[in-house]
Amino acid sequence: TTAMKDMWSLLLELQPQTGETGSGISREDYIETIASDILKKLPATFELDKIRKKLGTEISPTTVVLLQELERFNWLINKMSRSLKELKRALAGEVGMSAELDEVSRALFNGQIPAIWKRLAPDTLKSLGNWMLHFHRRFAQYNSWINDGEPAVVWLSGLHIPESYLTALVQATCRKNGWPLDRSTLYTNVTPWMTADDVTERAHQGCYVTGLYLEGAAWDIENSCLTRQHPKVLIQELPILKVIPIELHRLKLQNTFPTPVYTTSQRRNAMGVGLVFEADLATTEHHSHWALQGVCLILNAD
């Protein structure tokens, strides 16, 4: 629960910040080792001018989203690189340890994401190790998108602002079919495929999305509908979701539950911060049943 996570975070903050770690090396050496390891694995920034030339003049709405994502990713890489290099110099005694660098060193020591990195990254509750895996997977998706074109299955969790991609998807379809943008929306359909490798074709309209986790319910693959949670299973990965743009007057949904999709398990308030979109999941139960269960989809499992 959120309370337990907060308590664990406070306990980490309360542990001694001096002396030796459990492995016998000093705190400074331990932080220096982690900083060097991250620096060594840090990719080079994307060359946006070359990428724009490669993409040509006719840029689709989804390509605009890609360029915006790459720009934000470059900011994150630069901030990580600069802060880690400065931290290594501070640990060596070459420069003074500022409050910002002290916060970075404390976060690395506790296995957390430094606050100055968090501000330039998608919202997450992951630990530093899991976040670095997420970071490298994001880089791989961007790289594949540049070299091989828009992916057939988009890992939505790997986008900094996932709702911008979905909006671009609607814009592209409206341009193609001549629909009015203000009278178009999205609806979703859960496919029988569990992984991106199982998808054998590209969506004719819309896209396939992976990386969604169901909380508060389970998914019945045989009957393609929501079902009650299994004991001791708090979240379940949803099969590949197909997102399809459609004109509002053509959308006739029956026996579906409008499931909110949030960035993290913290969800968000009525102001909409953290809410990405609403997915339509098939159900044989009344809406109120799943509303009382607090059913939602999240993009990042902790």
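User: What does "buried" mean for a residue in α5?

Analyst: Buried means under 20% relative accessible area. Keep in mind that this is a predicted model. In helix α5, the buried residues are L101, V104, S105, A107, L108, F109 and N110.

User: How many residues does α5 have, and how far does the helix reach?

Analyst: Helix α5 covers residues 99-110, which makes twelve residues. From the first C-alpha to the last, α5 reaches 17 Å. That is close to the 16 Å expected at 1.5 Å a residue. Next comes G111, with a positive phi near 75°.

User: Which residues of α8 are buried?

Analyst: They are P162, Y165, L166, A168, L169, V170, T173 and C174. Helix α8 spans residues 162-177 and has 16 residues. Its reach is 23 Å, close to the expected 22 Å. After α8 comes G178, whose phi is positive, near 70°.

User: Why does N143 count as partly exposed?

Analyst: Look at its relative accessibility. N143 has 30%, so this residue counts as partly exposed. N143 sits in helix α7, residues 128-148. Now compare sequence and space. N143 and G158 are 15 residues apart in sequence, and their C-alpha atoms are 12 Å apart.

User: How do I read the two faces of a strand?

Analyst: In a regular strand, side chains alternate between the two faces of the sheet. Take strand β2, residues 184-190. S184, L186, T188 and V190 form the covered face. T185, Y187 and N189 form the uncovered one.

User: Which strand does β2 join, and in which sense?

Analyst: Strand β2 is joined to β8, residues 241-247, by seven bridges. The two run antiparallel.

User: What is the strand order in the open sheet of five strands?

Analyst: The order is β7-β4-β11-β9-β10, and the pairing is mixed. β7 (235-237) and β10 (275-282) are the edge strands. Each has a single partner strand, so one side of each has no neighbour in the sheet. On average, neighbouring strands of this sheet are turned by 30° against each other, direction ignored.

User: In what sense do β9 and β11 pair?

Analyst: They pair in the parallel sense, over two bridges. β9 holds residues 256-262, and β11 holds residues 296-298. Y262 stands opposite I298 in β11.

User: How do I describe a pair of aromatic rings?

Analyst: Use the distance of the centres and the angle of the planes. This structure holds eleven aromatic pairs. Take F46 and F73: their ring centres are 6.1 Å apart and their planes are at 45°, so the pair is tilted. F46 lies in the loop between α2 (27-41) and α3 (48-55), while F73 lies in helix α4 (residues 61-91). The pair therefore ties together parts that are 27 residues apart in sequence.

User: Are F46 and F73 buried or exposed?

Analyst: F46 is buried, and F73 is buried as well. Both belong to a cluster linked by ring pairs. The cluster is made up of F46, F73, W117, W131, F135, F139 and Y142.

User: Where do R27 and R137 lie?

Analyst: Each lies over the face of a ring. R27 is over F109, at 5.1 Å from the ring centre. R137 is over W155, at 4.0 Å from the ring centre.

Definitions and conventions: Residues numbered from 1 in each chain as written. Predicted model: local features only at pLDDT ≥ 70, side-chain atom pairs only at ≥ 80, totals over all residues. Heavy atoms only, no water. Pairing = 2+ DSSP bridges. Helix = DSSP H or I, 4+ residues; strand = E, 2+ residues; numbered from the N terminus. Axes fitted to C-alpha atoms, helices over the stretch in contact; angles between N-to-C directions. Buried < 20%, exposed > 50% of the residue type's maximum accessible area, 1.4 Å probe, protein only. Expected span 1.5 Å × (residues − 1). Phe/Tyr/Trp six-rings, centres within 6.5 Å; stacked < 30°, edge-to-face > 60°. Lys NZ or Arg CZ within 6 Å of the ring centre and 35° of its normal.
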